[in-house]
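Please walk me through this protein model.

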Amino acid sequence: MINEKLEKAFNDQINAELYSEYFYLSMVAYFERMNLQGFKNWMNVQVQEEHAHAMGMFDYLQERGGKVTLQTIEAPKADWESPLEVFEDVLKHEQLVTSKINSLTDVADEVKDRAAVSFLDWYIKEQVEEEANVGNVLKTLKLICNDANCLYMLDKELAARTFVAPVIG
Ligand code: OFO
């Protein structure tokens, strides 16, 4: 049976992952309004990844005999000034998620749940990749993309991203 404090921390993180899904879905709608289909595709993959992250913890908590308690998902921001502002928000958000996953792992450590610590290792590594992916798009937007041509080229590039269901744990 999973420790109660750890169960609560997992439920909070499931909510954070579902909020991430919601936040990025709001960005999908923004890119649709902007008619930037490649950016929209990139963000749609992000939405699917966040859903998979939430479900990975959802399934794990149940597998460990814990109770999944879903919480209210906060309404995300709906408007941005530019694609640059969107990606600045994504990076800030991923950095926040990294700190939340680190805190969740601290709780698993504190209650000496070695299995949970080992399970969460996947998420810790995933965050390194997430921050790097977002950081790369942000770098291009910041350093190179100050005209419509570049935005068009980047949109074409982002159209190539595809979702690969992660094998978590
Ligand atoms: Fe984008 O991060 Fe989930 O875990």
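**Salt bridges, cores and overall form**

R64 is partly exposed, with a relative accessible area of 22%. The terms run as follows: buried is under 20% relative accessible area, exposed is over 50%, and partly exposed lies in between, with a 1.4 Å probe and protein chains only as cover. This is a predicted model, in which local features need pLDDT of at least 70 and side-chain atom pairs count only at pLDDT 80 or more, while totals for chains, interfaces and linings use all residues. Residues are numbered from 1 along each chain as its sequence is written, and side-chain values use heavy atoms, with hydrogens and water left out.

R64 has a charged partner. It forms a salt bridge with D113, and the closest N and O atoms are 2.9 Å apart. A salt bridge here is a side-chain nitrogen of Lys or Arg within 4 Å of a carboxyl oxygen of Asp or Glu. The pair links distant parts of the chain. D113 counts as buried, at 9% relative accessibility.

How many salt bridges does the structure hold? There are eleven. One of them joins the side chains of K5 and E110, at 2.7 Å from N to O. This pair also links distant parts of the chain: K5 is in helix α1, E110 is in helix α3, and they are 105 residues apart. K5 is partly exposed, with a relative accessible area of 43%. Another salt bridge brings together the side chains of R114 and D109, at 3.2 Å from N to O. D109 is partly exposed, at 38% relative accessibility. Salt bridges that share partners also join K77, E85, D89 and K92 into one network.

Now step back to the fold. The chain has five helices and zero strands. Helices (H or I, at least four residues) and strands (E, at least two) are DSSP runs, numbered from the N terminus. Along the sequence the pattern reads α-α-α-α-α. The radius of gyration is 17 Å, close to the 15 Å that the globule rule gives for 169 residues, so the chain is as compact as a globular protein of that length. That radius is taken over C-alpha atoms, and the globule rule is 2.2 Å times the number of residues to the power 0.38. Along the principal axes, the C-alpha atoms fill a box of roughly 55 × 25 × 25 Å.

What share of the 169 residues counts as buried? The figure is 46%. Contact means heavy atoms within 4.5 Å.

The largest nonpolar core has 25 residues. Such a core is a set of buried Ala, Val, Leu, Ile, Met, Phe, Trp, Tyr and Cys residues joined through side-chain atoms within 4.5 Å. Those with the most contacts inside this core are M27, F31, F39, M43, V86 and F87. The elements that give two or more residues to it are α1, α2 (37-63), α3 (83-110), α4 (114-143) and α5 (148-158). Helix α1 gives the most, with seven residues. Take V86 as an example. Leaving aside neighbours within four places in sequence, V86 is in contact with M27, Y30, F31, M43 and W80. Apart from this core lies another, of 21 residues, among them F10, I14, Y60 and A116.

A54 is in helix α2, and at 1% relative accessibility A54 counts as buried. Beyond its neighbours within four places in sequence, A54 is in contact with I14, E17 and L18. A54 and E21 are 33 residues apart in sequence and 8.8 Å apart in space, C-alpha to C-alpha. N11 is in helix α1. N11 is buried too, at 6% relative accessibility. With neighbours within four places in sequence left aside, N11 is in contact with L61, K67, V68, T69 and Q71.

The accessible surface comes to about 9,000 Å², of which 54% belongs to carbon and sulfur atoms. Accessible areas come from the Shrake-Rupley method with a 1.4 Å probe; for residues, only the protein chains shown count as cover.
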